[in-house]
Amino acid sequence: MKLHSNPWLRTAYARLWVRAKSIYGEPLWVAINIGFPFFTSFSFTMVYRAYGLGSYAGFAILGGVMISFWGNVLWSMASQFNWDKQVGLFEIYISSPASISAILVGMSLGGILGTAPSAALVALLGWAIFHPAVNPVWPAVISVFALTLASLYAMGMALSSLYLAYGREADSVNEALHEPVSLISGVYFPSTGGFSPFPLAVQAGASLIPLTLGMDALRRTLFFGQGFGEPTIDLELVALAIMGIVLLFASSKALKFLEDKGRRTGTIAVRQR
Amino acid sequence: MDMNDIDAAVTVRVNGLRRQFDSKEGKVIALDGVDMQVRKGEVFGVLGPNGAGKTTMIRILSTLLLPSSGKAEVMGFDVGKEPEKIRAVINMASGAERAGYDFITARGNLWFFSQLYGIPSEEAHKRINELSKMLGLQNYLDRKFYALSTGYKQRVTLVRAFINDPKVVFLDEPTIGLDVMTALSIREYILKQAKDHGRTILLATHNMAEVDAICNRVAIIDKGKILACDTPAALKRTLGASSLVLDVSPVPTLGALEPLGKLDGVKGYTSSIDEERGLSRIQVVVEGDAAGQSVVEAIRKMGMTVMSNWRQQATLEEVFVALVGRGFREREHETS
Amino acid sequence: MSLRAIAASIRVGWAREFNWTNPLAGFTLRTVGPLASVIAASAVYYVASVHNIPPSFDPSMLAYIIIGAALYTHVAAYSWVPTLAIAEGKWTYVFPQVYIAPHSSLPYLIGRTLASFASSTMTVIVSLILSFYALSSIIGTGIPFIVTPVSVSLLILAMVVNIFAAFGLGLLLSAYALFATKFEWALPTYVAGLLMIFSEALFPVSLLPHPVSDIANVLPFTEFMRASRYAMIYGDIPSYSLYLGLSVLGGLIFLGLGYAAFKYAENRARRLGVIDKKTA
């Protein structure tokens with residue numbers, strides 16, 4: 001079977017194209033998207049440098065890179081179906097034979113492709129300005145980065161189904177989730193392990209969020225020279241893979257459940273009767 | 001032979017369809033035992049005031065909503081049990097929707113929608129060009145969606161509705177809010193789709209002129225029930241009477257005309273306001289000249305001056321008035 | 001300027017902030033973001049200083065970070081409200097209606113800003129209290145805040161005075177939103193990011209290279225941060241007064257700039273015919 005004749009792949013590719021095209025079609029988006037992550041990571045880098053552990057200023061730059069993806073997951077994945085519902089796109093998806101999972105996967109890959117330039121610019125600018133000390137094990141860094149993104153976007157898929165239950169309040173829920181998750185996940189500082197200021201119970205709870213494990217593993221592989229074979233890295237890689245699979249499965253089940261519920265209660269479209 | 005009994009090539013079949021919603025005010029019955037059949041190649045109108053249940057019917061048939069009870073089939077597939085099979089052969093569009101991705105061109109959006117149906121890109125682009133040409137959209141295809149006017153966004157929506165070569169298309173008020181010329185070109189397009197390609201088109205609308213212009217048959221719906229179903233001409237014929245039209249001044253309030261409905265020989269009435277001339281136009285469906293005379297007298301007794309009155313051929317709205325006793329305006333006022 | 005229009009706009013702004021859910025849930029969800037931001041900034045400082053060789057953790061520096069982070073989220077939250085009111089208002093057609101009413105667009109933007117200022121003041125005060133207790137218990141050390149009726153009053157006075165600067169910034173941003181047809185939503189977040197660097201929220205602006213540090217040094221937001229810290233940490237009233245005065249002066253200059261930009265943008269938007277143009 002030719003790959004391009006597979007309807008699932010066609011749908012996923014089309015959704016990827018729409019997402020990436022929306023961003024690349026407006027180059028100013030990249031410049032705008034880089035703003036908040038870069039300035040925040042700049043500020044935190046200055047805090048590292050001003051008050052002590054300057055050699056770990058790279059933590060903040062890495063945080064700026066990953067917060068770009070987390071922002072994309074929250075604002076363009078989790079709440080996307082909700083937005084689609086408001087403008088009438090979601091009912092087009094549902095009433096077509098397209099697979100919702102294909103749409104979600106396409107949306108995720110498009111989101112990653114669309115966010116990559118601004119995330120890369122955050123990294124490049126941070127590198128150029130602050131020259132953080134790194135000691136990378138690249139195969140491990142790349143593997144951890146890929147798995148972190150996979151599980152993070154799987155979390156976005158799961159959230160997208162939950163958000164279908166919300167109306168216009170989805171934006172407020174996003175605003176409320178953005179900072180607490182980046183705090184608990186330790187986007188700008190280690191929230192788990194020996195460096196963490198948090199008690200063990202908080203660290204254990206935080207480890208249930210893929211971003212937490214991903215950030216920790218990225219710091220270890222990028223700054224501390226740890227690679228495959230290190231028990232913590234291996235464990236975190238396995239945990240990220242399991243989380244990704246579980247979240248994918250959960251999102252597909254939840255979406256099916258919500259679609260059935262929506263058909264029963266009449267909430268697939270915003271319009272009634 | 002009754003047109004409704006023809007079984008051959010039935011594409012939409014609805015039996016005892018009922019749907020209720022739970023609301024804060026209690027249960028709301030949107031559809032209350034609807035029976036209906038639509039045939040291949042037919043433009044079938046579902047005509048009724050706002051809140052009559054038209055959109056609910058379209059949402060059920062397009063697999064977005066399950067019925068509370070009863071049965072609905074599209075192309076022989078059950079909406080409850082076989083939604084995937086239905087989705088492959090239908091499409092739908094609503095006049096209330098302006099769905100599209102803002103930063104993508106009209107062409108890009110349409111290509112994206114075609115991919116939801118797994119259409120090869122070359123074929124999709126061919127269809128986009130053909131359908132766009134019919135609607136005069138071809139020169140706007142490379143504009144970003146946000147830069148299109150309301151009328152052109154609606155044209156994109158209507159190209160999308162036919163992009164997958166559907167057997168059955170559900171259209172919900174497709175010309176609402178559009179200017180007369182755009183509405184005319186859209187109606188022509190819809191008619192062509194049914195005639196040339198044998199598609200079934202189910203058109204929910206409260207626009208009588210639209211139904212008169214393009215529908216082969218029409219079901220008149222009110223409060224979730226189908227009151228009559230036939231060709232527009234046959235429905236008007238069944239009224240058996242012309243209607244009495246009166247221009248009166250001053251403009252009465254909606255409730256002030258209620259006594260008219262109680263006069264002997266009056267089947268119902270509706271009114272509209274001619275703001276430019278400061279008049280109210282009252283259309284009364286009457287049986288016989290005597291009833292007409294008593295209507296004129298009753299209006300004078302209400303303190304209004306009859307500026308002019310005449311008889312005219314019945315319209316679909318008067319068919320609705322005869323069936324319900326009220327026009328769309330009064331019906332919507334009652335339910336608001 | 002119509003006080004009635006301002007009062008009505010405050011009511012609308014308040015409803016826009018909280019009416020989407022029940023008041024408790026609304027307040028909680030509005031507070032967790034600023035609270036998390038304050039704790040995150042504090043945690044970065046804690047990790048950097050405790051693991052320094054030798055450790056350089058200083059509780060008064062932690063207090064510096066807490067005040068800076070909390071007040072930064074406060075300013076960032078309400079200074080973009082005029083932009084939001086215009087961008088969202090174009091979409092819902094509320095703004096063109098407000099605009100064509102006599103002398104109503106500025107009172108409307110003032111009212112919306114004041115409503116957001118009030119709600120953000122509440123959330124920032126709760127964030128300060130909760131982060132103080134949370135961080136004290138996590139770190140196991142006292143945080144040297146001066147909490148007296150006088151210090152708290154001085155802090156609130158500084159916050160009130162800073163409205164001039166924040167509204168001036170809001171008008172500058174909304175000047176763009178008036179004639180923009182895209183990206184007007186994104187611009188405020190960009191500026192908010194810059195504000196984090198230029199307002200001495202987390203580190204002294206003297207650490208920035210010249211001439212950037214000189215610009216940051218005279219921004220009213222920087223003076224506001226300094227005045228607030230002199231009230232709540234250092235207990236130095238003369239320094240507080242100096243920085244408060246500079247904050248007022250800078251705030252008035254910002255307000256004048258914002259007003260001029262808004263008026264210019266208003267004329268330009270009318271020429272371009274985009275005041276009632278829905279944005280992408």
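Biologist: In chain A, what share of the contacts between residues at least 6 apart in sequence join residues at least 24 apart?
Modeller: That's 80%. Two residues are in contact if their C-beta atoms, placed from the backbone, lie within 7 Å. Bear in mind that this is a predicted model, where local features need pLDDT of at least 70, side-chain atom pairs count only at pLDDT 80 or more, and totals for chains, interfaces and linings use all residues. Residues are numbered from 1 along each chain as its sequence is written, with chains lettered from A and ligands numbered from 1 in the order in which they are written.

Biologist: OK, how many helices and strands in chain A?
Modeller: 11 helices and zero strands. Those are DSSP runs numbered from the N terminus: H or I of at least four residues for helices, E of at least two for strands.

Biologist: And how much of chain A is buried?
Modeller: 58% of its 273 residues. Buried means that 20 or more other C-beta atoms, placed from the backbone, lie within 10 Å of the residue's own.

Biologist: Switching to the contact between the chains, how many residues does each one give?
Modeller: Chain B gives 30 residues and chain A gives 27.

Biologist: Which elements of chain B give two or more residues there?
Modeller: Helix H1 (54–61), helix H2 (83–87), strand E6 (90–94) and helix H3 (106–115) of chain B. H3(B) has the largest share of that side, four residues.

Biologist: What about the residue types on that side of chain B?
Modeller: 16 nonpolar, 10 polar and four charged. Here Ala, Val, Leu, Ile, Met, Phe, Trp, Tyr, Cys and Pro count as nonpolar, Asp, Glu, Lys and Arg as charged, and the others, Gly among them, as polar.

Notes. A residue is buried if 20 or more other C-beta atoms lie within 10 Å of its own, exposed if 12 or fewer, and partly exposed in between; C-beta atoms are placed from the backbone.
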